[in-house]
Amino acid sequence: MPDTVTLVTALILECPLCMLCLRDKTGLTSEQVGFALGFIESVLKVRREQRGRCQACGVSGLVISSERPTRASGWTAPPEGLPLQREVRRLIEENGELLQRLAAASREIERLQTKVVELSRQRRLA
Ligand SMILES: [Zn+2]
């Protein structure tokens, strides 16, 4: 899910956010956000502050942010003069439609999963 990773990276880059805002802003499920964070952590330093403040909704609690990568982390820096955040945002804009379709698909999967649970419960009762 490289697009998901890109989106989550752009959101938390030097901007602490709570999990709810991360879900709202990406349209992803907690599992998908968690997966993306796991991937990001393999490349960037991800900071989890238990008593932080979300930059989006202002709620105090667990917030997640990432630090700008250093060369030592093995990350290939974007071209000179182009800040990483702008580069990531450009990628998101280019893949906006794809990200929306991904979010819609994941919501559809969740809806179907709920339906399956409901149906199997009904069958057990019948
Ligand atoms: Zn928040």
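This is a predicted model: local features need pLDDT of at least 70, side-chain atom pairs count only at pLDDT 80 or more; totals for chains, interfaces and linings use all residues.
Helices and strands here are DSSP runs, with helices being H or I of at least four residues and strands being E of at least two, numbered from the N terminus. In those terms the protein has five helices and two strands, and along the sequence they follow the pattern α-α-α-β-β-α-α. Residues are numbered from 1 along each chain as its sequence is written.

Let me begin with burial, where a residue is buried if 20 or more other C-beta atoms lie within 10 Å of its own, exposed if 12 or fewer, and partly exposed in between, the C-beta atoms being placed from the backbone. By that criterion 19% of the 126 residues of the protein count as buried. As for contacts, which require C-beta atoms, placed from the backbone, within 7 Å of each other, residues 24 or more positions apart account for 66% of those in the protein with a separation of 6 or more.

Now to the core. A nonpolar core is a set of buried Ala, Val, Leu, Ile, Met, Phe, Trp, Tyr and Cys residues joined through C-beta atoms within 7 Å, and the largest one in this model has 19 residues, with Val8, Leu11, Leu17, Leu22, Val33, Leu37 and Ile64 having the most contacts inside it. The elements that give two or more residues to this core are α1 (2-12), α2 (19-26), α3 (30-41) and β2 (60-66), and α1 gives the most, with five residues. Leu17, if we leave aside residues up to four places away in sequence, touches Leu11, Ile12, Leu22, Cys54, Gln55, Ala56, Val63 and Ile64.

Which residues does Thr4 touch, again not counting those up to four places away in sequence? They are Leu28, Gln32, Ala36 and Leu102. Thr4 is found in helix α1, and it counts as buried because it has 21 C-beta neighbours inside 10 Å. Its C-alpha atom is separated by 8.0 Å from that of Thr26, 22 residues apart along the chain.

Thr26 brings us to α2, where Cys21, Leu22 and Thr26 are buried. These three cover an arc of only 115° around the axis, which puts them on the same side of α2; the arc is that of the directions from the helix axis to the C-beta atoms. Following α2 comes Gly27, with a positive phi near 75°.

In α3, the buried residues are Val33, Ala36, Leu37 and Ile40. They lie on the same side of α3, because the arc they cover around the axis is only 100°, while Glu31 and Gly38, on the other side of α3, are exposed.

Turning to the strands, which pair if DSSP finds at least two bridges between them, β1 (residues 46-53) is joined to β2 by six bridges, and the two run antiparallel. Glu49 stands opposite Val63 in β2. The hairpin of β1 and β2 has six residues between the strands, and in it Gly58 takes a positive phi near 80°.

Finally, helix α5 (residues 96-125) has 30 residues and reaches 44 Å from its first C-alpha to its last, close to the 44 Å expected at 1.5 Å a residue, where the expected span is 1.5 Å times one less than the number of residues. This helix is hardly covered, since the count of buried residues among its 30 residues is one.

Methods: Two residues are in contact if their C-beta atoms, placed from the backbone, lie within 7 Å.
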